[in-house]
Amino acid sequence: MKRTEEFSSFFYSQYFADGLRITLGSIVPIMICALMGEFLTGTLISLGALIVGLSDTPGAPTHRRMGMLYCTILCVLTVVITALLNSFLIAMTLAIGILSFLFSMFAVFNARAATVGTMCILVMLINVDDIYSFREELTYLLYFVIGACWYMIISMSLTQVRPYRLAQQELSETILHVADYIRLKANFYDIKQNLDSNYLKLIDKQVIVNIHQENVRDILFQSKRSIKDTTKEGRYLTLIFTDIVDLFEQSMTTHYDYETIRNNYGKTEILDQIRNLLYKVTHELDNLAYKINANKTPKSVYDFEKEIEKIRHAIEKVDEKEKINSIPLKKILINIRQIAQHVREIHRYSQFKGIEIQNEDAIDTKKFVKTDLINWQNFKDNISIESSIFRHALRMGIVLSATYLILNLFQYSNFGTYWILLTILVILKPGFGLTKERNLQRLGGTVIGGIIGAIILITIDDISIRFVLLIFFFLIAYSLFRINYIMAVIFMTPYVLIMSSFTGMNTFEIAQERILDTFLGGTIAFLSSYIVFPNWESFQIKSNIKNLLVANYQYLAQALKLLSGKPLPATEYKLARKEVYIASANMGSTFQRLLTEPKWRQHITKEVNRFVILNHIFSSYSATLLTQLKESKNIDFNNDHLKSLLKALQNLEKTIQSLESESAQTIPPIIDMDKIAHAPVDSDEAKLITDQLQFLTKISADLQKITTEIIFKDVQAAEESSTNEKKI
């Protein structure tokens with residue numbers, strides 16, 4: 001992608017669209033009311049628009065609409081409760097603790113509910129210590145509701161005018177991350193690249209790809225009535241997404257024993273040619289993503305058939321000259337050809353040529369989307385000290401209420417109290433690693449943004465220029481809010497300072513106070529993550545490992561049907577594949593956070609690192625095997641294949657059982673398979689399947705071994721911790 005396209009793609013992106021929508025909702029009321037001499041009124045209306053706007057996360061229109069409605073209702077109730085109790089310190093302290101706990105527990109439902117809960121806590125903190133008459137409170141609430149309704153009108157009007165725009169933007173973002181994933185795969189063919197380091201980068205990228213794929217599923221499949229059935233473009237977006245998911249899987253199947261491949265072919269130029277070909281595929285995907293995002297018709301940049309044929313001839317020459325087995329290279333080339341075929345299909349969809357759309361697709365898509373219903377059973381199940389969400393909710397309630405009480409006893413300024421509580425709310429996350437990262441970002445962004453704001457206020461006296469800069473900083477801050485928090489804070493701080501200058505406050509004193517308050521709030525949040533119901537990622541490791549192994553077991557078990565000659569239903573296969581992606585992403589995220597915890601908590605880091613890498617290899621080889629079996633003939637299968645597959649599944653089953661805390665069966669037992677009747681065939685396909693199954697059996701045994709080590713070290717660490725506590 002060209003530099004100009006990279007720059008302009010940001011302005012086509014959903015992030016900039018979100019920022020623009022929130023800016024329109026928040027700034028327009030201030031401008032109109034300021035012209036009428038009612039600046040405070042405009043600020044209150046703007047607050048309602050901002051709060052509801054921040055709760056308007058990507059998703060199906062119905063979910064977004066209900067999320068904004070619930071956010072408005074709950075925020076109004078929160079303001080009423082806060083207003084009634086503001087005059088009573090102890091009552092307000094208890095209210096902050098209880099409401100913060102309840103709203104933080106919304107995370108058990110889904111991500112949208114968690115965001116709504118956070119907005120309710122934010123509204124409560126904004127109104128803490130603001131004591132008004134009953135009539136004034138009703139007036140302010142009315143302005144808040146007007147602002148909320150104003151934003152909802154803007155948001156849903158844009159959705160009605162362009163119902164597929166958000167899907168386009170999210171799909172484009174998904175394609176870009178899939179391209180990044182393939183770039184990392186290409187690095188395996190570079191003998192200078194470290195394999196383990198590249199594996200970890202690959203796993204991190206897989207986490208991001210999974211998040212965006214889930215967002216696209218939610219937007220496209222939950223919006224079936226408004227997008228998929230009524231607009232031709234919506235149907236084609238669905239087809240493009242289906243091909244991108246298949247393309248992503250195909251990129252996973254281009255996985256082999258890279259160390260062996262490097263040893264065998266590193267001296268030739270074949271690996272460099274394969275790497276360059278994969279880079280060209282990523283450039284094609286980048287261009288495709290940009291064109292879809294810009295609502296333009298993409299055109300092919302490369303002729304992949306010529307490139308592939310050139311490498312195929314080179315492989316044949318190496319085969320003749322070096323006399324080494326070139327089957328792995330040929331299979332890699334076949335996979336790249338299939339990836340290129342998916343790209344060609346997407347180009348055809350984009351040009352709106354006649355494509356047959358199967359009725360089955362419209363039915364099966366429902367199975368791929370998680371329901372967004374509020375399940376109160378989840379709430380009850382998480383009322384346990386073992387639940388990470390429950391521990392976080394308790395921590396949030398205790399820390400916010402205790403801080404409020406202490407600051408009031410010391411008669412700290414009202415605005416300073418609000419800013420410290422706001423900093424705690426923003427920084428305090430369920431895991432220690434996230435809290436630590438957000439803490440550094442918040443403090444660094446505030447300091448840098450404060451310096452920028454001070455320079456602007458010193459050098460620019462013109463109010464009109466300041467107001468233009470205020471809008472610019474606000475727009476960029478909320479455009480970056482979901483993708484780069486530190487940059488968002490850097491842009492948000494000058495906005496706050498410029499806004500304060502319009503009210504006649506001493507902005508330099510405010511800047512100093514905000515930096516101090518941010519430091520105090522960050523310190524409180526950081527220390528509380530250590531001592532108040534700490535939630536270490538090592539607590540979650542075993543459950544994540546178990547979920548991942550179960551997903552891999554069910555995915556690999558699909559091969560039993562193919563070996564027995566039975567058809568493999570596409571929906572069942574893709575659902576199993578989706579579960580592997582989700583479980584892998586969760587495991588990868590947990591491992592990332594584990595690395596940010598204190599050293600004394602990282603007693604199993606090396607083992608978990610090894611498990612994550614082995615699992616990625618296992619998942620990739622499972623995808624490779626299933627693709628191979630689907631393309632092969634039944635005559636190529638034999639009983640040795642069946643034995644190897646059963647052995648690999650049994651290894652996984654034993655590993656899962658070792659992680660069981662209860663007697664409940666999490667996976668269906670393996671049913672004895674009928675033996676394959678025909679005589680074994682000595683074909684290249686049969687040999688390749690044999691090699692793949694043998695490698696899967698070996699990796700499954702390695703997974704069993706490393707999981708046993710993790711369990712042993714975890715138990716050992718728990719016993720040592722218990723012994724130390726008794727001594728104390």
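Reader: Why is C33 called buried?
Author: C33 has a relative accessible area of 10%, and buried means under 20% relative accessible area, exposed over 50% and partly exposed in between (1.4 Å probe, protein chains only), so C33 counts as buried. The model is predicted: local features need pLDDT of at least 70, side-chain atom pairs count only at pLDDT 80 or more, and totals for chains, interfaces and linings use all residues. Residues are numbered from 1 along each chain as its sequence is written, and side-chain values use heavy atoms, with hydrogens and water left out.

Reader: What makes C120 buried or exposed?
Author: C120 has 0% relative accessibility and therefore counts as buried.

Reader: What makes α6 mostly covered, and which residue caps its N-terminal end?
Author: Of the 17 residues in α6, 13 are buried. The cap is N110, with a side-chain oxygen 3.2 Å from the backbone nitrogen of R112. Just after α6, D129 takes a positive phi of about 70 degrees.

Reader: Why is S619 called buried, and which residues does S619 touch?
Author: S619, in helix α27 (residues 605–631), has 3% relative accessibility, so S619 counts as buried. Contact means heavy atoms within 4.5 Å. Not counting residues up to four places away in sequence, S619 touches M252, N552, Y555, V580 and S584.

Reader: What makes a set of residues a nonpolar core, and which members touch the most others in the largest one?
Author: A nonpolar core is a set of buried Ala, Val, Leu, Ile, Met, Phe, Trp, Tyr and Cys residues joined through side-chain atoms within 4.5 Å. In the largest, of 114 residues, I274, L285, V608 and F611 touch the most other members. Helix α27 gives the most to this core, with 12 residues. A second, separate core of 79 residues includes M156, I424, L425 and M492.

Conventions. Helix = DSSP H or I, 4+ residues; strand = E, 2+ residues; numbered from the N terminus. Polar contact = N/O pair within 3.5 Å; in protein donor to acceptor, adjacent residues only side chain to side chain.
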